[in-house]
Amino acid sequence: MPTVYEGAANAPALELRKVSKSFGGAHALREVDFVLLPGEVHALAGMNGAGKSTLVEIVCGALVPDGGEILMGGGSCPALTPRRARALGVSIVHQKRTLVPDLTVAENILLGRLPRRAGRVDWSTVRAEAAQALGDLGIEVPVGAVVGDLTPAQQTLVEIAREVHVGGRILILDEPTAALGGADASRIHDLVRELRSRGTAVVYISHHLDEVLALADRITVMRDGRTALTEEIGNVDLPVLVRAMTGDRPVTEPAGRNRTAGPPALELNKLGGDRLRDFDLTIRTGEIVAVLGPAGDAQRELFPLLAGVRQPSSGTVHVGGARLRSGSVRASLSAGLRCVTGDRLAHGLVPGLSVDENLALADRGMKRPWLVRWVPLHRRAADTRRRYGVITLSADPAVDSLSGGNQQKVLLAKWLDTETTVCLLEEPTGGVDVAAKADIHRMVDELADRGAAVLLTSADVDEVRRLADRVVVVRGGRAVAELHRDDVSRDDLVSLTVGGHIS
């Protein structure tokens, strides 16, 4: 596998020296060193919260480091901003695509830089320049096609071509193959190799360590805001990388279970969506089942499909033995299915309302067609806040004034205080502190103890080990393993979700 990286005598394209960043009292980066050479594919790996996103945002100028030095091409960059970073050749392709779906491929590639003639857009030049940008990289996508009509792989290729076309010499690819199948992922890999041969320096971020081992020249593993390992790819294997990611920190073992699983509460039969493929799963009353997979994989589709926000492309869902009408939020709620989103402020809470008002949103007894019963609303909300440990500095503040942990407790209380047959919890402790996390874990245990069936999606393998009775591992949209909690270790779970196997 020839690379420009081997034997390159150039100065590093990018170098971070002792870079640190804190948010309040939390250290996101601690004296991180990172070197990226021209013509190198340098993989960046680490578990959720390891510091990868913070490092990338600093390189792109979106965050200012608290300490350390950033160099590009051997020169220091003391006041890096997004505009200056872009001018220096730093480009990023985010996991969530930034193309405009209603515009053509050509318009997206030249967006903000459309050539003009006599005061008007010169469309022939636009199409010719876009075709050249794609052709230079061997990408066969019609420049006149509407981006929203392209496949996910084609959209990724177009976005990479756009970033290279604007002069990207340092290209950051954030989970570029997360939602792609094998053939489509191979197209991205081929393009990365082509970029490397041209001297482009690539930072490749991926949870799929199997593809990293096949594609990268070097890899840096981050853990707890520090550099845990930097090594040439030929000197490491999957077990070495998994150990670098997990470290030797104490593991919270699963608590003992006294409850007994009952009859089937949730049955998914051949369920399919954009990413999910022929997914089968049965969860019994009083049971917690976790679906674990790489970031951006099919587990992200479970929430909209089960909540009724989206229509599945195939398969059926049964709750308590009765078939659930798909694509209906009302039907999901009536069946006792409670879906707690992982994005609490965007989709779970109403930021403009108070804590008590948010708690009452799912309580039909607090509303009448013509009025809100304020006195009983506040009385019941005060009791709910006490039982769920929601801490507020005033009687009924705005919900968006609370800490992340208290916001999450409000979101959980809103749904879990209603009659619940099945509960889907999407990243239930994302962005909360250790104390709040322990409280939320206790709430989930109590919910299952009351006989509810709990479906959990989480990127935190420690959380999965702590809560789940069974674990279903998904990769590439399909279930690849189903394991009882007593039969799998923490390292086994990490290995399975990044493309490995249990030894």
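Is valine 309 buried or exposed? With a relative accessibility of 56%, valine 309 counts as exposed, where exposed means over 50% relative accessible area, buried means under 20%, and partly exposed is anything in between (1.4 Å probe, protein chains only). The model here is a predicted one, so local features need pLDDT of at least 70 and side-chain atom pairs count only at pLDDT 80 or more, while totals for chains, interfaces and linings use all residues. Residues are numbered from 1 along each chain as its sequence is written, and side-chain values use heavy atoms, with hydrogens and water left out.

Start with the whole chain. Its secondary structure comes to 17 helices and 24 strands; these are DSSP runs numbered from the N terminus, helices being H or I with at least four residues and strands being E with at least two. Of the 503 residues in the chain, 52% are buried. The accessible surface comes to about 22200 Å², and 50% of that belongs to carbon and sulfur atoms (areas come from the Shrake-Rupley method with a 1.4 Å probe; for residues, only the protein chains shown count as cover). As for contacts, meaning heavy atoms within 4.5 Å, those between residues at least 6 apart in sequence join residues at least 24 apart in 67% of cases.

Back to valine 309, which sits in the loop between α9 (302-307) and β16 (314-319). Together with Val329 and Leu333, Val309 makes a nonpolar surface patch of about 230 Å². Patches are built from residues with over 30% relative accessible area and no salt bridge, joining like charges within 9 Å and nonpolar side chains (Val, Leu, Ile, Met, Phe, Trp, Tyr) within 5 Å.

Valine 319, in strand β16, is buried, with a relative accessible area of 8%. Valine 319 and leucine 266 are 53 residues apart in sequence, yet their C-alpha atoms are 4.8 Å apart in space. Leaving aside neighbours within four places in sequence, valine 319 is in contact with Ala265, Leu266, Ala335, Leu337, Thr421 and Val422. Another buried residue is threonine 457, at 4% relative accessibility, in strand β22 (residues 453-457). Not counting residues up to four places away, threonine 457 touches Val291, Gln299, Leu302, Leu424, Leu425, Glu426, Glu427 and Pro428.

Now for a helix. In α14, 12 of the 13 residues are buried, including Trp415 and Leu416. Apart from neighbours within four places in sequence, asparagine 406 is in contact with Gly389, Val390 and Ile391. A polar atom of the asparagine 406 side chain lies 2.8 Å from the backbone nitrogen of isoleucine 391, and the C-alpha atoms of these two residues, 15 residues apart along the chain, are separated by 6.5 Å.

Charged side chains come next. Side chains of opposite charge can pair when their charged atoms come close. A search of the whole structure finds 26 salt bridges, each one a side-chain nitrogen of Lys or Arg within 4 Å of a carboxyl oxygen of Asp or Glu. One of them joins glutamate 40 and arginine 218 (2.5 Å, N to O). Glutamate 40 lies in the loop between β2 (26-36) and β3 (41-46) and arginine 218 in strand β11 (residues 218-223), so this pair ties together parts that are 178 residues apart in sequence. Both glutamate 40 and arginine 218 are buried.

Aspartate 417 also forms a salt bridge, with arginine 387, the closest N and O atoms being 2.8 Å apart. This pair links distant parts of the chain, with aspartate 417 in the loop between α14 and β21 (422-426) and arginine 387 in helix α13 (residues 374-388), 30 residues apart. Aspartate 417 is partly exposed at 34% relative accessibility, and arginine 387 is partly exposed at 36%. In another salt bridge, aspartate 280 and lysine 270 have their closest N and O atoms 3.6 Å apart. Finally, Arg86, Glu159, Arg162 and Glu163 are linked in a network of salt bridges.

Terms used: A polar contact is a pair of N or O atoms within 3.5 Å; within protein, one must be able to donate a hydrogen and the other to accept it, and residues adjacent in sequence count only if both atoms are side-chain atoms.
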